[in-house]
Amino acid sequence: MIIGGHKAYGVYIRPGMGYRHPAPSTGVAVGAEPEGMYMVTGGVHVNRGCCFDFGNVEATIHDDGAGHMDAVNFSTKCFFGGCTGNGPWVQADLENGLFQSNKGTDTFNKGNTSTFVTALLKNNGRTRFALKGGNARAGSLTTWYSGPLPNRYSPMHKEGSIVLGTGGDGTDLSRGFFFEGVMTAGYPPNAADNSVQASIVAVGYALAHA
């Protein structure tokens, strides 16, 4: 791809692939500490396999239960059923569920299908989380959800490993692109989200043609 006028390379995930940095990961939230994260991904190289995640997962490759993950998910997997359209959707993988809202599915979430997609999740660890998505080449972010955490997920129990392209239990059936991403301690304000999106748009993501 092209970014800032220069050829660069993203990460191409297909089933059987994934990356993981085991805890402790310096500066990564644990327990009920707040955190935020975003990634620039793509709306075309996707599937419904578990789980194209970027974020905070278990210290060991194991499903430790509700609230032990806090990762942004981008996929066509409609975990709870009744989703709007065919996706892909920006969702929160909080372990044992891909959440579009505290109820699971949110019909307001219409998905993001642009070539380059900004996918954002933030979670204060105790009471609320938010999901945002947008075209990484133009415009602003859409807030797909901002509200309470699901039942059984308050407080969170984050463990501090970092994952890309798999679930917390190591399931590696997903497809996805990863071009850039950040995880940050604390609950970022909306102004920071808007600034990040503006910077992403300004740098000029584009496809590279051979």
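Which exposed residues does the face of H1 turned away from its buried side carry? They are Ala191 and Ala202, and the views below start with that helix.

This is a predicted model, where local features need pLDDT of at least 70 and side-chain atom pairs count only at pLDDT 80 or more, while totals for chains, interfaces and linings use all residues. Residues are numbered from 1 along each chain as its sequence is written, and side-chain values use heavy atoms, with hydrogens and water left out.

**View 1. Helix H1 and its two sides.**
Helix H1 covers residues 190–203; helices (H or I, at least four residues) and strands (E, at least two) are DSSP runs, numbered from the N terminus. On the buried side sit Asp193, Gln197 and Ile200, where buried means under 20% relative accessible area, exposed over 50%, and partly exposed in between (1.4 Å probe, protein chains only). Seen down the axis of H1, these buried residues fall within an arc of 60°, so they line one face of the helix; the arc is that of the directions from the helix axis to the C-beta atoms. Just after H1, look for Gly204, which takes a positive phi of about 80°.

**View 2. What H1 packs against.**
The buried residues of H1 pack against strand S5 (35–41), strand S10 (117–123), strand S11 (128–135) and strand S15 (180–185). Contact here means heavy atoms within 4.5 Å.

Leu141 sits in the loop between S11 and S12 and, at 13% relative accessibility, counts as buried. Leu141 and Gln197 are 56 residues apart in sequence, yet 6.9 Å apart in space, C-alpha to C-alpha. Not counting residues up to four places away in sequence, Leu141 touches Thr118, Leu120, Lys132, Gly133, Gly134, Asp193 and Gln197.

**View 3. Lys132 in its strand.**
Lys132 belongs to strand S11 and is buried, with a relative accessible area of 5%. Setting aside neighbours within four places in sequence, its contacts include Val90, Leu141, Trp144, Asn190 and Asp193. Trp89 is 43 residues away along the chain, and the C-alpha atoms of Lys132 and Trp89 are separated by 10.0 Å.

**View 4. Asn47 in a loop.**
Find Asn47 in the loop between S5 and strand S6 (53–57). Asn47 is buried, with a relative accessible area of 17%. Leaving out neighbours within four places in sequence, Asn47 is in contact with Pro15, Ser75, Thr76, Lys77, Leu173, Ser174 and Arg175.

**View 5. The largest pocket.**
About 200 Å³ of space lies in the largest pocket. Of the 13 residues that line the largest pocket, the closest to its centre are Met1, Tyr9, Gly10, Phe177 and Phe179. The lining divides into ten nonpolar, two polar and one charged. Ala, Val, Leu, Ile, Met, Phe, Trp, Tyr, Cys and Pro count as nonpolar, Asp, Glu, Lys and Arg as charged, and the others, Gly among them, as polar. On a 1 Å grid over the protein atoms alone, a pocket is an open set of points where a 1.4 Å probe fits, with protein on both sides within 12 Å along at least five of seven lines; lining residues have an atom within 4 Å of a point. Grid points are joined across faces, edges and corners, and a volume is the space filled by probe spheres set on the points.

**View 6. The second largest pocket and Asn96.**
The second largest pocket has a volume of about 150 Å³. Of the 14 residues lining the second largest pocket, the closest to its centre are Cys50, Cys51, Asp93, Glu95 and Asn96. By class, this lining has five nonpolar, four polar and five charged residues. Asn96 lies in the loop between strand S8 (89–93) and strand S9 (98–99), and its phi is near 60°, a positive value in a residue other than glycine. At 37% relative accessibility, Asn96 counts as partly exposed.

**View 7. Loops with cis peptide bonds.**
A cis peptide bond joins Ala23 and Pro24, with omega about 0°; Pro24 is in the loop between strand S4 (19–21) and S5. Another cis peptide bond joins Ser154 and Pro155, with omega about 5°. Pro155 is in the loop between strand S12 (142–148) and strand S13 (161–164).

Definitions and conventions: The expected span of a helix is 1.5 Å times one less than its number of residues.
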